[in-house]
Structures are given as C-alpha cells and as structure tokens.
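I opened the notebook to record, entry by entry, what I looked up in this structure. The entries follow the order in which I turned to each part.

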Amino acid sequence: MLDACSAAVLQVCPSGAIHYANLSACKLFGFEQAELCGSSLATLVPIRYQQQILDNLSSVFDQKSTPFDENGQNFRIINKSGEERFVTVDLKRLDIGQEQFVIATINESTTLKMAQDDLLSLTERFQVAIDSAGIGVWQYDLQNESLEWDEQMFVLYETSPENFSGGFDDWVKS
C-alpha cells in the first residue's frame, strides 16, 4: 500500500537504520529497496546535516512527538549520484508491539525552495530600488476602504502614523 504513495516513506529504527523504504523513496534517493533497507538514515543527508537529522530522530523516539511543526521541516538530502535536493520531512513515532520506529514522510521540494529563493532575491532587489528612488509604497484595501503606507510614504507626505488613520480622506487631506 505504501508503494502507491507519491511521498517517499521510510521506516527507521532507533539506531537510525532504515527498516523499510517505499518505491517513491527508492526513486527519490536513487537506490534499490535492498540498498536502502539496513543502511543508516544519516547517509542520505549531506555530512553537515547528519547530526541534526539524528538528533531529530532521537527527539521523536524520546518524546513521542515531532520536533517539527505541522508543515514538516526542510532539509537537504543527497541521492546515490551525489546530487543534493531539497525535501520536506515529517517524522512520526510508531510503536508496533515492543518495537519502536519512526516513519519519515519525505516530499521533494527543490522547485519550491528555488522559487522561494528567487522570490527573496527579487524582494531584496525591489527594496534596494525603492530605497534608492526614495519612493513610498502603499496599498489600498478595497474591502475595508483603507490605505496601508510604508515609512517612506509618511516622510513624503510629512505626516506620522498617529496622524493618519488609513482612510482615503486622510490621504486626500495630506
């Protein structure tokens, strides 16, 4: 059933050894199931992140909870060919009888991470352009009929946030 999942799923022992890997995990990491099973989870992340992933794994086993929020945690993984990829990981503890495991659900997020990085870069460039030009930025909320100004707008209109309620009439009066 787990082989039908689009997300990569790993069942990991307290030692960090992979007990089970679904087909999506094999595809993501570039290994056969037999290669993944028995190998250490730490070998699937770049060396600089290995301790962090093992600490997170220990935290889940110790506390029966995930160290991440409901959206998971972003990590870099390394596949068989040595290529680093961005993924979102969620860890959940699973007790089966006397045995304990962590289920790692992994979703590839390289495209999302690249888009976020691009957006951050563009935002920074936009801010440099705004600061250089000395222009103000405002936004009009049609539903609430209110204006939102950045700090430069107050400088340009020689007023302060205390004297500006955000109403259209306040702007006309400025």
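**Entry 1**

I began with Glu158, which lies in the loop between helix H5 (151–156) and helix H6 (168–173). The model I am reading is a predicted one, and in it Glu158 has a phi near 50 degrees, a positive value in a residue other than glycine. I then looked up its accessibility and found a relative accessible area of 76%, so Glu158 is exposed.

I noted Glu145 next, which has a positive phi of about 50 degrees although it is not a glycine.

**Entry 2: the hairpin of S6 and S7**

From Glu145 I moved to the strands on either side. Strand S6 (residues 138–141) and S7 run antiparallel and are joined by four bridges, and one pair I wrote down is Gln139 with its bridge partner Glu148 in S7. The hairpin has four residues between the strands.

Which residues of strand S7 (residues 146–149) are on its covered face, and which on the uncovered one? I found Leu147 and Trp149 on the covered face, whereas Ser146 and Glu148 make up the uncovered face.

**Entry 3: the five-stranded sheet**

I traced the open sheet next and wrote its order of five strands as S2-S1-S5-S4-S3, with antiparallel pairing. Its edges are strand S2 (18–21) and strand S3 (73–78), each of which pairs on one side only. On average, neighbouring strands of this sheet are turned by 35 degrees against each other, direction ignored.

I also looked up what lies against the sheet, and found that helix H3 (residues 47–63) packs on it, touching S1, S3, strand S4 (84–96) and S5. The direction of H3 makes about 25 degrees with that of S4.

Then I went through the pairs of strands in turn:

- Strand S1 (residues 8–12) pairs with strand S5 (residues 99–108) in the antiparallel sense over five bridges, and Val12 stands opposite Val102 in S5.
- S4 and S5 pair in the antiparallel sense over 10 bridges, with Asp95 opposite Gln100 in S5; their hairpin has two residues between the strands, and Gly97 in the turn has a positive phi of about 60 degrees.
- S3 and S4 run antiparallel and are joined by six bridges, with Val87 in S4 as the bridge partner of Phe75; five residues lie between the strands of this hairpin, where Gly82 takes a positive phi near 90 degrees.

**Entry 4: the cavity**

How many cavities of 30 Å³ or more are there? I counted one cavity by this rule, and the space in the largest cavity is about 90 Å³. Its lining includes Phe75 and Val87, which I had already noted as bridge partners. Among the other lining residues are Phe29, Leu41, Leu44, Val45, Ile53, Ala104 and Ile106.

I also checked which strands contribute, and found that S3, S4 and S5 each supply at least two residues of the lining. S4 gives the most, with three residues.

**Entry 5: Asn22**

Leaving out residues up to four places away in sequence, Asn22 touches Leu2, Asp3, Cys5, Ala7, Ala8, Val9 and Gln33.

**Entry 6: Leu120**

With a relative accessible area of 49%, Leu120 is partly exposed, because the word exposed is kept for values over 50%. I also took its distance to Cys26, which is 94 residues apart from Leu120 along the chain, and found the two C-alpha atoms separated by 32 Å.

Terms used: Residues numbered from 1 in each chain as written. Predicted model: local features only at pLDDT ≥ 70, side-chain atom pairs only at ≥ 80, totals over all residues. Heavy atoms only, no water. Pairing = 2+ DSSP bridges. Axes fitted to C-alpha atoms, helices over the stretch in contact; angles between N-to-C directions. Contact = heavy atoms within 4.5 Å. Buried < 20%, exposed > 50% of the residue type's maximum accessible area, 1.4 Å probe, protein only. 1 Å grid on protein atoms, 1.4 Å probe; cavity = no way out; pocket = protein on both sides within 12 Å on 5 of 7 lines; lining within 4 Å. Points joined across faces, edges and corners; volume = space filled by probe spheres on them.
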